[in-house]
Amino acid sequence: MRSSRSSDSGSSGSSPSRPALTLIAALLPLVLAACATRPTAPADNQDAQAIAHQTVQAVESAASAVPSPATPVARVATAPEDKLDVLLEDNLNPGEKVDLDAPKTHVDLWARMRAGMAMPELDNDLVRRAEDWYSSRPEYVGRMTGRGSLYLYHVVEEVQKRGMPMELALLPFVESAFRNDAQSSAKAVGMWQFMPATGRDFDLKQNIFRDDRRDVLASTKAALDYLQRLNKMFDGDWQLALAAYNWGQGNVSKAVARNQKAGLPIDYDSLRMPDETRYYLPKLQAVKNIVMRPEAFGLTLPAVANHPYFLSVNIDRDMDVARAAQLAELDEDTFRQFNPSMNKPVILAASSGQLLLPYDNASTFVANLEKHRGPLASWTAWVVPRTMKPADAAKQVGMSETGLREINRIPARMLVTKGSTLLVPRTASRDQDVSEHLADNASIGFAPDVPPMRRVTLKAGKGDTVASVARRYRLGTTQLAQWNRVSTKATFKPGQQVVVYVREGQTLAAAETNNASSKSARGGKSTKTTKVASNATAKSAKSTAKTRSAKVASESKGARTVSTKTALR
């Protein structure tokens, strides 16, 4: 992010100002000292941390002596002053204005992080292995730290406000390489890799419109809340808390209990755990070592300013993602880097309520929004009034079936169930912003698109069970049990009605039986099939001597339910 300072009125355009010389004079001895005392052992971070402490204190002291310009520099002249005033609030410190000229902004964020490291050092072969992995991939580290630089200030602020060890600000490097769109094979999502259930436990909304596990501020708050809970659960042991974050608190608790029962130590190194969790802390330690001394690994970290990279802008109307990006003068991919929680091409004011934008673009957005005329959103939500085919739903909302399926991710050969929420185009009669209740609770359900089913009732014979009936008529045991609301091991009483559902014209194929009483009940014949058909077919069936007699009748006034009476033996 760019910031500008007016030059000192007594200085020339080509010479450094007196405040700048003051800063240089303060920093030069520290830089020379850092070069002279640069640690050579990869695991020795204490000297680097001491230098970081000195650097932070000296820069803040020197910067506090720098006079502020007499007239503040306007960020964007066209932005309305009252709107811009609200805009310049810090996301993490409500009520505080963002001042890019404040003394603390002159501190390098990496130095601030080094000064806050507080966890015990790990030094083993797994740490060396992780160090070698990262140091042999400088381009990967460059991409990872470049992405992280967009969000690090906000993570560091949250960690420091809570008095937590600064190593935790490095955790997204290990979890996701600071990618908000990261998704694991186990369905963990976001830069902090929240599982669905854990995310819901920490109030991260997950619905068809948004997934807060990808939201920068919401997921960071939730992750640190979770880590604080785990730290308390494991009596202040951050290593066990981190193991639980990776492996699950229940698994770590069981591992601790096993060791306690066996009289063994219960520290991280002594517990039996999966290889992934065993390697988890060494990876974090390796990232920490690289941050403490990047030059020792032949790596370079990008400069990160010690002030917010992005700000939040409140919105009070639904807005297309494409429109919001246009107003902020950002391409859509960059816009989504800061607003990755959106699942659909529309931002719902009732749900999200704010956008995150780089500092300069936030001011641009406010100015352009004030001048904008015309609609902001071309999409809205529609609740399906009954279970429908996608083609019928598409026709009702005035769009193509293909378009409806794509925007709502409707699978092939599926119906959309009653009460589902679909994203549809706005029209003159459907132009309302989405309500808060719908924005927060919207869901979509599907049912198989199969031919209509008919309810058929049959009579059970002596000794018939769910398994024997299912086997005889080649039905699923579980399904037959569900239809009749019994267990899969249930036995039917003789003459009891057994319910099955079949498609019109479907043949119930019965396996042959050697049961003598069964043959006697059927006049010595072994019947193999029962066919569910229309009335006309049933009448024809009556005239066929080799087919079991069946009475098939439609219920009152053309109802589609068919009752077939026969003995199941």
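**Close-up views of a predicted model**

Figure 1. Helix 5 itself covers residues 125-135, and its buried residues are Val127, Ala130, Glu131 and Tyr134. Viewed down the helix axis, these buried residues fall within an arc of 100 degrees, so they line one face of helix 5. In general, an α-helix has 3.6 residues a turn, so residues three or four places apart point the same way.

**Figure 2. The other face and the start of helix 5.** Which exposed residues sit on the face of helix 5 turned away from its buried side? They are Asp125 and Asp132. At the start of helix 5, Asn124 places a side-chain oxygen within 3.0 Å of the backbone nitrogen of Leu126.

**Figure 3. Helix 6, its kink and the residue that follows.** Helix 6 has 24 residues, which at 1.5 Å a residue should span 34 Å; the C-alpha atoms at its ends are 32 Å apart, and this agrees. Helix 6 also has a kink of about 55 degrees, and the kink is centred on Tyr151. After helix 6 comes Gly163, with a positive phi near 70 degrees.

**Figure 4. Asp203, a loop residue with positive phi.** Most residues other than glycine have a negative phi. Asp203 is not a glycine, yet its phi is positive, near 60 degrees. Asp203 is found in the loop that runs between helix 8 (196-201) and helix 9 (216-233). Is Asp203 buried or exposed? The relative accessible area of Asp203 is 67%, and a residue counts as exposed when this value is over 50%, so Asp203 is exposed.

**Figure 5. Arg474, in the loop between helix 20 and helix 21.** Arg474 is not a glycine but has a positive phi of about 55 degrees. The helices on either side of the loop are helix 20 (466-472) and helix 21 (477-484). The relative accessibility of Arg474 is 61%, so Arg474 counts as exposed.

**Figure 6. The whole chain, for orientation.** The chain contains 23 helices and 17 strands. It has 569 residues, of which 46% count as buried. Of the contacts between residues at least 6 apart in sequence, 69% join residues at least 24 apart.

Key: Residues numbered from 1 in each chain as written. Predicted model: local features only at pLDDT ≥ 70, side-chain atom pairs only at ≥ 80, totals over all residues. Heavy atoms only, no water. Buried < 20%, exposed > 50% of the residue type's maximum accessible area, 1.4 Å probe, protein only. Helix = DSSP H or I, 4+ residues; strand = E, 2+ residues; numbered from the N terminus. Arc of directions from axis to C-beta. Polar contact = N/O pair within 3.5 Å; in protein donor to acceptor, adjacent residues only side chain to side chain. Expected span 1.5 Å × (residues − 1). Bend = angle between axes of the 7 residues up to and from the residue. Contact = heavy atoms within 4.5 Å.
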